[in-house]
Amino acid sequence: MAFVYDEPSRTFQEFLLLPRLTTKQHVSGNVSLKTPLVRHASGEEPGLSLQLPMVSAVMQSVSDDKMAVALAQQGGISFIFGSQSVESQAEMVRRVKKFRAGFVVSSANVRPDQTLREVSALMRETGHSTIPVTDDGTEHGLLVGIITGRDFRPNKIDPETLAKEVMTPRDKMVCGQEGQTLTDANEIIWEHKLNCLPIVDSDGHLRHLVFRKDYESQKENPFQLVDDQKRLVVGAGINSRDHEERVPALLEAGADVLCVDSSDGFSEWQRDTIRYVKETFGDEAKVGAGNVVDEDGFRYLAEAGADFVKVGIGPASICITREQKGIGRGQATSVMRVAKARDQYLEETGIYVPICSDGGITLDYHITLALAMGADFVMLGRYFARFDESPGSKLLVRGNFVKEYWAEGSNRARNWQRYDTGGKKALVFEEGVDAYVPYAGRLKDNLAVTREKIRSTMCNCGALSIPDLHDSAHLTLVSPVSLREGGAHDVVLKDDEMVTPMES
């Protein structure tokens, strides 16, 4: 007879945190969100830590190099999606590692023979008011000039006028040289009263742009996650099929940590993939694994050498694994069970293996709940898919702006490697959907609010660090009625459209 658990599996929505004593030192500015990313011996510093306990999911619609840069600047990390060619993924990793804070690779460029009609269209499309002119119109072409929004008035000039006729030519421009520091570039900007300084190499090819506003913005990223060479930290997803080709390329490109991406990580394929990484590249190569939902799955991957273990099967907003296969577990129960196994593993071996709660988070406070239940950090897809920095297109649907968001288990992603269990090299049935999420603006602006919510809640719980929260949090189950009680109720919410001013 099959084994049946007595208790139902629970979701984050079914729990609340109880307040503990808040002392005068429990203010958000004193809260540290630093958390280990990879395994380490008890009492020792981990090889990699996060300054923000949030990572972006291994998904086409979430984690590319643009997201990786933005999130690393805020103290988190992105795992660049692996459902693309090895060369393409490695190049994304390389771009993140080459990124220099304040040095922007120009994504909007024109040739000198293009018309102002095309220049105007590019400005509208990208929102950029500064357009470099290169000989071939590429981001690293020979710089021949620059056009800004002040160089022409679209309604006062023939739109067929060529860019070279209105641009500021190269011989009249001030440029910086490749290799200069951001401080050096900023000095040139102020000395010559510039808004933008092009950076060129010794042959005159455009390498970067430095903007006056970006120098100050770098000071606004105190939690930036960098390696020992001051390069941004980036992760990458791998699978258990082509890892012998993909892993060397990603590590050569500079990936700081890998993650075996699968809907079910309790498998010999994952064990063999972890062992390949460790035996080939040594313990310096960091690789996480998952996903699992119980103690046995955690123990299996930890003993295989996983540097962290992801928890969760089927809780994500666009995942339909539970509907299709009947496999999974409520995310809250999964996290608590695996956290218990992690603590037991630490007690037995002296090795701490961080766990990542992947999915099931619909509200910001669910992040704090996951941490209180034992997670070291959380992986999010929908949360990050809403932002400007995600790869999905921004669309206007029924009067509202949205971003495209599709699951790795959808036909659109065509990521059969994530779900294959040794059968056909094709996605036989879907385990995810193709959807939209409400557009939310810049990542940095939204993360600032979420970060403050986490800190504030931790203060209410009497915790100044994530380990404190693990030890001191008190949780309570809630009923459906108490859930309703927790929101606005028994009032008529104000709506400007429904109010008619009374005549005097």
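**Barrel, sheets and pocket in a predicted model**

Strand β15 is joined to strand β16 (residues 309-311) by 3 bridges, and the two run parallel; strands are said to pair if DSSP finds at least two bridges between them. The model is a predicted one, in which local features need pLDDT of at least 70 and side-chain atom pairs count only at pLDDT 80 or more, whereas totals for chains, interfaces and linings use all residues. Residues are numbered from 1 along each chain as its sequence is written, and side-chain values use heavy atoms, with hydrogens and water left out. Helices (H or I, at least four residues) and strands (E, at least two) are DSSP runs, numbered from the N terminus.

Most residues other than glycine have a negative phi, and most peptide bonds are trans. Both β15 and β16 take part in a barrel that 8 strands close in the order β5-β6-β13-β14-β15-β16-β18-β19, with parallel pairing. Helix α1 (residues 65-73) lies across β5 (54-56) and β6 (77-80), and runs at about 165° to β6.

A separate description applies to an open sheet of 3 strands, which has the order β10-β11-β12 and mixed pairing. Its edge strands, each of which pairs on one side only, are β10 (176-177) and β12 (206-211). Helix α5 (residues 182-191) packs on this sheet, where it touches β11 and β12, and its direction makes about 65° with that of β12. The pairing of β10 with strand β11 (residues 196-200) is in the parallel sense over 2 bridges, and glutamine 177 stands opposite valine 200 in β11. Lysine 193, placed in the loop between α5 and β11, has a phi near 55°, a positive value in a residue other than glycine. This lysine 193 is exposed, with a relative accessible area of 73%, where exposed means over 50% relative accessible area, buried under 20% and partly exposed in between (1.4 Å probe, protein chains only). A positive phi, of about 50°, is also found in arginine 398, although it is not a glycine; arginine 398 is in the loop between β20 (394-397) and β21 (400-406), and is exposed, with a relative accessible area of 79%.

Strand β8 (residues 143-148) is largely enclosed by the rest of the structure, because 5 of its 6 residues are buried. Strand β7 (residues 130-134) is joined to β8 by 5 bridges and runs antiparallel to it, with proline 132 standing opposite isoleucine 146 in β8. Strand β9 (residues 168-169) is likewise joined to β8, in this case by 2 bridges in the antiparallel sense, and proline 169 in β9 is the bridge partner of glycine 145.

Burial also marks helix α12 (residues 364-372), of which 8 of the 9 residues are buried, so that the helix is largely enclosed by the rest of the structure. The buried residues of α12 are Asp364, His366, Ile367, Thr368, Leu369, Ala370, Leu371 and Ala372, and the helix is followed by glycine 374, whose phi is positive, near 125°. In helix α7 (residues 243-253), leucine 251 is partly exposed, with a relative accessible area of 24%. Leucine 251 touches Leu258, Phe281 and Ala285, when residues up to four places away in sequence are not counted; between leucine 251 and phenylalanine 281, which are 30 residues apart in sequence, the C-alpha to C-alpha distance is 9.2 Å.

The second largest pocket has a volume of about 560 Å³. Of the 40 residues that line this pocket, Pro315, Ala316, Ser317, Asp358 and Gly359 are the closest to its centre. On a 1 Å grid over the protein atoms alone, a pocket is an open set of points where a 1.4 Å probe fits, with protein on both sides within 12 Å along at least five of seven lines, and lining residues have an atom within 4 Å of a point; a volume is the space filled by probe spheres set on the points. At least two residues of the lining are supplied by each of α10 (321-325), β19 (377-380) and α13 (382-385).

Key:
Contact = heavy atoms within 4.5 Å. Axes fitted to C-alpha atoms, helices over the stretch in contact; angles between N-to-C directions.
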